[in-house]
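Here's a quick briefing to read alongside the picture. Take a look at the model, then work through the points below.

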Amino acid sequence: METKLDTLHTLQFACGAVAVLRALEISDATMAYSDFGKAIGLVEGAWEPAHRQQVADVLDLVSAVDKQTGSASAFHRIDP
C-alpha cells in the first residue's frame, strides 16, 4: 500500500473532509478516524496502519487552509 498521497488525491480528500466535518458539527456527532477515512473516500477496504497518517495529513491540510482563511473546522468531532 502506498503511504504517501499525491497532490490531487490529497486535495480531493480534503474537500470531502470539510463536508464531513461540517455534517458532524451540524448533527452534533463524532466519528472515529477509521470511519472518517471511509467517509472521505480514503479507505476503501480494511483499515491499515498507513491510513492513520494519511487521515492526519488530510486534516493537517484542512487546518492549514482554515488558518489561511480564518475558518474553523470541527476537528474535535474526530475521535483519535
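In which strand is the place of A32? A32 sits in strand β1, residues 31–32. This is a predicted model, where local features need pLDDT of at least 70, side-chain atom pairs count only at pLDDT 80 or more, and totals for chains, interfaces and linings use all residues. Residues are numbered from 1 along each chain as its sequence is written, and side-chain values use heavy atoms, leaving out hydrogens and water.

**A32**
- A32 has a relative accessible area of 29%, so it counts as partly exposed (between buried, under 20%, and exposed, over 50%, with a 1.4 Å probe and protein chains only).
- From A32 to T3 is 29 residues in sequence and 20 Å in space, C-alpha to C-alpha.

**Helix packing**
- α1 and α3 pack at about 75°, with axes 9 Å apart, and are therefore roughly perpendicular (65 to 115 degrees).
- On the α1 side, the contact (heavy atoms within 4.5 Å) includes T10, L11 and F13; on the α3 side, V58 and L59 are among the residues.
- The residues of this contact are 10 nonpolar, one polar and no charged.

**Largest pocket**
- The largest pocket has a volume of about 230 Å³ (a pocket is an open set of points on a 1 Å grid where a 1.4 Å probe fits, with protein on both sides within 12 Å along at least five of seven lines).
- Its lining has 14 residues (an atom within 4 Å of a point), and V18, R22, V62, D66 and S73 are the closest to its centre.
- α1 (7–27) and α3 (49–69) each give two or more residues to that lining.

Note on methods
Points joined across faces, edges and corners; volume = space filled by probe spheres on them. Helix = DSSP H or I, 4+ residues; strand = E, 2+ residues; numbered from the N terminus. Axes fitted to C-alpha atoms, helices over the stretch in contact; angles between N-to-C directions. Parallel < 35°, antiparallel > 145°, perpendicular 65-115°, else oblique. Nonpolar A, V, L, I, M, F, W, Y, C, P; charged D, E, K, R; others polar.
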